[in-house]
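Visitor: I have a structure open and would like to go through a few parts of it. Can we start with the strands?

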Amino acid sequence: MKNRKPLMAANWKMNLSLDEARDLLNGVRSAKIDFNKVEVLVAPPFTALQLAHALLTETDILIAGQNMHWESKGAFTGEISPLMLKGTGCSHVIVGHSERRALFFETSDIVNSKVDAAIETGLIPIVCIGETLKEREDKKTFDIIRTQLNESLKTNCKKRNLPQSVILAYEPVWAIGTGKTATPEVAQKVHLFIRRWLIENFDNNTGETIRILYGGSVKPDNIKELMLQPDIDGALIGGASLKADSFLSIAKFYES
Ligand code: PGA
């Protein structure tokens, strides 16, 4: 029996007009969700954050930014600060998503600065890690995951202290948006590796408390099996989070 409360997080990426966002948010907020059994979070694009804040304010649904800069303000054209996210109702922020790492050259060093800034600002970072297909085929998965963890959480490793609210997300790059999900057993192996890394670098309690989400082609028909794995504590959902019915049937995995 897991003591960790599952989290189902919708990563909308660069999708949905304001009208579409309103429809989706209305669909999600009007559903009957048992918040004793699951935490639910949406990460809309920046342009829909205010709308999400207005529509979700009286609900238990959480809001996250998809990215942010690590400075609180200044001459950084095109960037959004941790304080701005907080001011728009965000409690969480996704950092180090593989699309940011691969397409926008975000290094683990940058991710570490963002994790530090999030924690300082009182935002909960959802820190993403994951190997590419080539790295998996070369049998480097665990080395890559270890290096990404060491570097993306460098400051916390040095202090040997990680707030237990921090969330990790294992997203094998080869499974994102491809329709290829890691089998529950393959995902579980990596999740267990991550949990052992947490115990080694921090302590038992931190390792047992921190939630590790799985991401990569999560769908209504594979969530249940994934959630049966002892170290999978929820999901980061891209494509299937853009429709209320598919997102909700994932979020309400406990009913099936
Ligand atoms: P996907 O995306 O569910 O569309 O594979 C997951 C993610 O990138 O967070």
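Visitor: Which residue stands opposite Arg211 in β7?
Guide: Ile167 does. Keep in mind that this is a predicted model.

Visitor: How many bridges join β6 to β7?
Guide: There are 4 bridges between strand β6, residues 167-170, and β7, and the two run parallel.

Visitor: And what about β8, in which sense does it pair with β7?
Guide: Strand β8, residues 234-237, pairs with β7 in the parallel sense, over 2 bridges. Ala235 in β8 is the bridge partner of Tyr214.

Visitor: Which of them point which way?
Guide: Arg211, Leu213 and Gly215 point one way, while Ile212 and Tyr214 point the other way. Side chains in a regular strand alternate between the two faces of the sheet.

Visitor: New topic. How many aromatic pairs are in the whole structure?
Guide: A search finds 4. One of them is Trp197 with Phe202, whose ring centres are 5.8 Å apart.

Visitor: Why is that pair edge-to-face?
Guide: The ring planes of Trp197 and Phe202 are at 75°, and over 60 degrees counts as edge-to-face.

Visitor: Are those two buried or exposed?
Guide: Trp197 is buried, because its relative accessible area is 3% and the cut-off is under 20%. Phe202 is buried too, at 9%.

Visitor: Last one. What lies over the face of Phe104?
Guide: Arg100 does, at 4.3 Å from the ring centre.

Terms used: Residues are numbered from 1 along each chain as its sequence is written. This is a predicted model: local features need pLDDT of at least 70, side-chain atom pairs count only at pLDDT 80 or more; totals for chains, interfaces and linings use all residues. Side-chain values use heavy atoms; hydrogens and water are left out. Rings of Phe, Tyr and Trp (its six-membered ring) pair if their centres lie within 6.5 Å; planes under 30 degrees apart count as stacked, over 60 as edge-to-face and the rest as tilted. Buried means under 20% relative accessible area, exposed over 50%, partly exposed in between (1.4 Å probe, protein chains only). A charge sits over a ring if NZ of Lys or CZ of Arg is within 6 Å of the ring centre and within 35 degrees of the ring normal. Two strands pair if DSSP finds at least two bridges between them.
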